[in-house]
Amino acid sequence: MKIALIAHDRMKEEIVNLSMAYEGILSEHELYATGTTGLPIMEATSLTLTRFLSGPLGGDQQIGAMIARNEMDLIIFLRDPLTAQPHEPDIIALLRLCDVHKIPFATNLGTAEVLLKALERGELSWREIVHKE
């Protein structure tokens, strides 16, 4: 599966901790990240990620393009709900694309963990069928 990892600045530590805790599960999949999220994950784990631009510089849109082409299976985007984001329209567009293409999208640690556990149990294997369409 292709998984995108994204986090707002104040959530970087959480996504790094999540990546360390679930490194075994994540290592079995193809990982993508926005530039400023991917670097600390790679520094703290042995995970290999394809890094895009920083979110505000177009990284969210690069991931969105993969979603539109049915080339992404799961998004973990730890959002900071207490800080205004200048690229909020890009984030909303990402959410909308995931809804249109039925791609699981976690915006907080609790949902991210539920999705990663489901991934481990094979409960997201329906995405393989979607790729054949």
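Residues are numbered from 1 along each chain as its sequence is written, and side-chain values use heavy atoms, with hydrogens and water left out. Because the model is predicted, local features need pLDDT of at least 70 and side-chain atom pairs count only at pLDDT 80 or more, while totals for chains, interfaces and linings use all residues.

Helices (H or I, at least four residues) and strands (E, at least two) are DSSP runs, numbered from the N terminus. Helix H6 comprises the twelve residues 109–120, and its end C-alpha atoms are 16 Å apart. At the N-terminal end, Asn 108 caps H6 through a side-chain oxygen that lies 3.1 Å from the backbone nitrogen of Gly 110. Just after H6, Gly 122 adopts a positive phi of about 85 degrees.

Buried residues of H6 are Ala 112, Leu 115, Leu 116, Ala 118 and Leu 119, where buried means under 20% relative accessible area, exposed over 50% and partly exposed in between (1.4 Å probe, protein chains only). Seen down the axis of H6, these buried residues fall within an arc of 160 degrees, so they line one face of the helix; the arc is that of the directions from the helix axis to the C-beta atoms. Their cover includes strand E1 (2–7), helix H1 (12–21), helix H2 (23–26), E4 and E5.

Two aromatic pairs are found in a search of the whole structure. Rings of Phe, Tyr and Trp (its six-membered ring) pair if their centres lie within 6.5 Å; planes under 30 degrees apart count as stacked, over 60 as edge-to-face and the rest as tilted. Tyr 32 and Phe 52 are stacked, at 5.9 Å centre to centre and 10 degrees between the planes. Tyr 32 lies in strand E2 (residues 30–33) and Phe 52 in the loop between strand E3 (49–51) and helix H4 (59–68); both residues are buried. Phe 77 and Phe 105 form a tilted pair, with values of 6.4 Å and 35 degrees. This pair links strands E4 (residues 74–78) and E5 (residues 105–106), its members being 28 residues apart.

Leu 94, in helix H5 (residues 88–100), counts as buried because its relative accessibility is 1%. Beyond its neighbours within four places in sequence, Leu 94 is in contact (heavy atoms within 4.5 Å) with residues including Ile 6, Ile 63, Phe 77 and Phe 105.

Methods:
The expected span of a helix is 1.5 Å times one less than its number of residues. A polar contact is a pair of N or O atoms within 3.5 Å; within protein, one must be able to donate a hydrogen and the other to accept it, and residues adjacent in sequence count only if both atoms are side-chain atoms.
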